[in-house]
Every structure is written in structure tokens, then in C-alpha cells.
Amino acid sequence: MGFVREAGLAPRVALDCRLLDWPGVGRYCIELARALVKTAPNLRFFWLCAARDCGRLPTAPNASPLVVSARPFSISEQIVVPYTLRRHSIDLLHAPSSTTLPVLAPRLVVTVHDLILRRFPEFLPNPVGRAYYRVMTRAAIGLARRIITVSEFTRRDVIRSWPGVEGKTRAILNGVASRFEPVRNAEKLCDISRRLQLPENYVLYVGTRKHHKNLPRLLEAYGRLSAAQRARCPFVLVAPPDERYPEVDDIVRKTGIGADVHWLSDVEDEDLPALYTRARFVVLMSIYEGFGFPVVEAQACGTPALVAAAASLPEVTAEGGIYADPYDVASIHRGLARLIDDDAVRDN
């Protein structure tokens with residue numbers, strides 16, 4: 001990046017970890033921090049975080065938490081974060097989101113996970129929120145010395161939106177944590193089945209209820225399965241309740257599939273490998289996705305996927321799944337039925 005410190009002093013790099021509770025960005029920060037302390041021992045790392053999150057981040061001779069009181073998306077972060085960075089002589093800040101960054105930061109690297117709200121601004125009804133998103137994303141793209149995207153699809157999307165940044169934009173695909181592997185221990189599989197009250201065989205969704213996840217169409221397609229198919233493969237959804245999206249519960253009532261739909265709102269990370277391993281297949285039918293962690297995590301556990309033929313998902317899934325048109329309920333229904341009924345396709 002072109003900075004040079006006094007001889008013998010390691011460059012000081014800060015990673016903004018104030019969004020650990022966000023499903024995708026939080027996972028990205030934790031896994032990146034764990035990797036960085038091992039792969040870059042010549043750098044000195046600081047994890048910007050709230051006091052309550054210090055224990056969730058790795059400590060090492062070259063890494064430590066740096067408590068910041070300013071909340072993301074607050075006016076105070078534009079003052080407190082730059083002051084903290086200068087006070088601790090930080091050479092480089094890595095912002096893991098293009099919407100939470102101090103515009104007066106030192107050298108800046110920004111990760112862009114997706115441009116969902118640029119492509120679908122209607123998903124953010126608040127006009128103030130939309131304006132904030134536009135301003136901060138534009139600032140991040142302009143200020144960053146390097147822009148990291150988590151897929152080639154997102155890299156092309158960024159360049160299409162801001163053609164002048166192609167030279168400083170790199171796609172670095174997300175990895176998969178080593179804990180995601182097939183669980184062969186029968187005791188562990190029985191334990192998770194008992195604790196989470198899982199059916200013997202199930203379709204699995206892991207994510208949120210946000211609009212771009214396309215849950216109403218997915219649930220409608222599941223409702224078109226025969227009663228025998230639904231009984232053979234109930235639908236387990238790991239998605240916390242969210243009153244902002246009442247249409248999800250509405251479609252369950254409308255289709256009359258409540259008895260075959262099992263909601264899990266709080267699953268521990270350490271339980272996910274067993275949950276993926278026991279599933280017949282996972283499904284992610286998003287109309288837009290910057291990467292799609294559940295797909296690759298499931299694949300690492302030996303479980304195939306039904307995914308949308310849209311955005312980054314074909315790039316990420318490759319031959320580890322089958323595809324459906326996320327806008328076509330009939331297409332989604334055919335994909336569900338195929339993976340439920342055809343053992344050869346599922347196993348292949």
C-alpha cells in the first residue's frame with residue numbers, strides 16, 4: 001500500500017469489527033481476524049470493537065482489541081473512530097462494509113459484499129436510510145486505496161457502477177471455516193436432532209427474512225409439493241423472527257403448510273456443521289446475493305444445494321447444486337421436487 005514505518009516497527013492495521021452481530025459481515029470479520037494473525041505475523045493488528053465483543057476476537061502477540069464507543073451508522077463514529085486511529089498511530093484501516101466507515105480515516109481498504117440497495121433501493125423504505133447508503137457507499141468507493149469484493153460477480157457489479165475503479169478492485173472469494181466438514185459422529189447428530197427437535201429428513205434454509213432472500217416465493221413453491229413430499233421432507237428454516245417482513249408468515253398461513261415448516265431462530269455456530277450434514281439439501285433462492293455462505297458451508301459438509309440462477313450463486317455453487325429461476329415459483333417447485341424425489345440426482 002506504499003506506507004513505510006520506522007525501521008523495526010510493524011505496520012499497524014485496524015479491522016473494523018463493530019458489526020459482529022450482522023450475519024454475513026460479522027462472520028467475515030471473525031474469520032478474517034483469525035486468519036490474519038496467522039498469515040501476516042509481520043503486521044500489528046487492532047480490532048475496532050465494542051467492549052462486549054472483545055472476547056469474540058482473537059488475541060495474539062501481534063493482535064489485540066481496541067475498544068471504540070461509537071456505534072456504526074452514528075454521527076459520533078465520524079469523530080471518535082478517526083481520533084482513535086490517530087491516537088494509536090494506525091497506518092491502514094480495513095472497513096468490512098462500505099456503509100460504516102469514517103470519511104477522515106487514514107489509508108483505507110474497503111470490502112464490498114454486495115450492491116443490493118443500489119440495485120433494489122425499494123428494499124430500504126426509509127428515504128433517509130437510502131440517502132445515507134448512497135452517500136457512504138460513494139465515499140467508500142472513492143476514498144479506498146483498494147476495494148475488495150467477495151465474488152467476481154460483485155467485482156463486475158462495482159465496476160459497472162463506477163467504471164473508474166477497475167484498477168483498484170480485486171475479487172477475493174470468502175473461504176469456509178475448517179469446522180465445516182461432514183459430521184460422522186452419530187452421537188453428535190443425535191444430540192442436535194434432540195435439542196433442535198429436527199425431523200428425520202429435511203430441506204434446510206439458513207439466513208434472514210429480508211426481501212432479497214425471496215422467502216415468499218420459496219415457501220409458495222414448497223406449498224405446491226404434495227402432502228407426501230412435504231411429510232417426507234419438512235422445511236427447516238434458520239431465520240429469526242422479523243416483524244418488518246410479515247409477508248413471510250402470511251404465505252405460510254395462506255398455503256396451509258404450517259405443520260411442515262419448522263422455524264429455528266437461534267442456532268449456535270458450532271451446531272451448523274451437524275445441521276448441514278443431516279439436511280437432505282439446502283436451498284438459497286435469493287434474487288441477489290453477493291456470495292452466499294450457507295451454500296459453500298453446506299457443500300463443505302457434503303450437502304448439495306438448490307440455488308437461484310442469479311447474481312453470484314452460480315459462481316459460488318458451481319457443480320455442487322441445481323438451479324432454479326428465483327422469479328418463477330414453478331421453477332423453484334420443480335427444483336425442490338427433484339431433489340426430494342430423486343436420490344441419484346441428490347447424491348450426484
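## H5 and what covers it

The buried residues of H5 are covered by a set of elements that includes E5, H3, H4, E6, strand E7 (169–171) and H12. Covering here rests on contact, meaning heavy atoms within 4.5 Å. The element labels are DSSP runs numbered from the N terminus: helices are H or I runs of at least four residues, and strands are E runs of at least two. The model is a predicted one, so local features need pLDDT of at least 70 and side-chain atom pairs count only at pLDDT 80 or more, while totals for chains, interfaces and linings use all residues. Residues are numbered from 1 along each chain as its sequence is written, and side-chain values use heavy atoms, with hydrogens and water left out.

Seven of the ten residues of H5 are buried, so the rest of the structure largely encloses this helix. "Buried" stands for under 20% relative accessible area, "exposed" for over 50%, and "partly exposed" for anything in between, with a 1.4 Å probe and protein chains only. In H5, the buried residues are Phe 153, Thr 154, Arg 155, Asp 157, Val 158, Ile 159 and Ser 161.

H4 has 17 residues and reaches 24 Å from its first C-alpha to its last, close to the 24 Å expected at 1.5 Å a residue. That expected span is 1.5 Å times one less than the number of residues in the helix. The residues of H4 that are buried are Tyr 133, Met 136, Thr 137, Ala 139, Ala 140 and Ile 141. Their cover includes helix H2 (77–87), E5, helix H3 (116–119), strand E6 (146–149) and helix H5 (152–161).

Gly 129 also sits in H4 (residues 127–143), and it is partly exposed at a relative accessible area of 23%. From Gly 129 to Pro 106 is 23 residues in sequence and 26 Å in space, C-alpha to C-alpha. Ser 98, in turn, belongs to the loop between strand E4 (92–95) and strand E5 (107–112). Its relative accessibility of 7% is why Ser 98 counts as buried. Setting aside neighbours within four places in sequence, Ser 98 touches Val 110, Thr 111, Val 112, Met 136, Thr 137 and Ala 140.

Buried in H1 are Val 25, Gly 26, Arg 27, Tyr 28, Cys 29, Ile 30, Ala 33, Leu 36 and Val 37.

Gly 24 is placed in helix H1 too, but this glycine is partly exposed, with a relative accessible area of 30%. Gly 24 and Arg 118 are 94 residues apart along the chain, and their C-alpha atoms are separated by 18 Å.

## H7 and its two partners

Two packed helices are described by the angle between their axes and the distance between the axes. For helix H7 (residues 215–223) and helix H13 (residues 329–341), the axes come within 8 Å and cross at roughly 60 degrees, which makes H7 oblique to H13. Axes are lines fitted to C-alpha atoms, for helices over the stretch in contact, with angles from 0 to 180 degrees between N-to-C directions. Angles under 35 degrees count as roughly parallel, over 145 as roughly antiparallel, 65 to 115 as roughly perpendicular, and the rest as oblique. On the H7 side, Arg 217, Leu 218, Glu 220, Ala 221 and Tyr 222 meet Val 329, Ile 332, His 333 and Leu 336 of H13. The residues of this contact divide into six nonpolar, one polar and two charged. In these classes, Ala, Val, Leu, Ile, Met, Phe, Trp, Tyr, Cys and Pro are nonpolar, Asp, Glu, Lys and Arg are charged, and the others, Gly among them, are polar.

H7 also packs with helix H9 (residues 246–255): the axes come within 9 Å and cross at roughly 15 degrees, which makes H7 roughly parallel to H9. Leu 215, Pro 216, Leu 219 and Glu 220 of H7 make this contact with Glu 247, Val 248, Ile 251, Val 252 and Thr 255 of H9. By class, that gives six nonpolar, one polar and two charged residues.

## Two positive phi values

Asn 214 has a positive phi of about 65 degrees although it is not a glycine. Asn 214 is in the loop between strand E8 (203–206) and H7, and counts as buried at 4% relative accessibility.

Ala 318 is another non-glycine with a positive phi, near 55 degrees. Ala 318 is in the loop between helix H12 (313–317) and strand E13 (321–324), and is partly exposed, with a relative accessible area of 42%.
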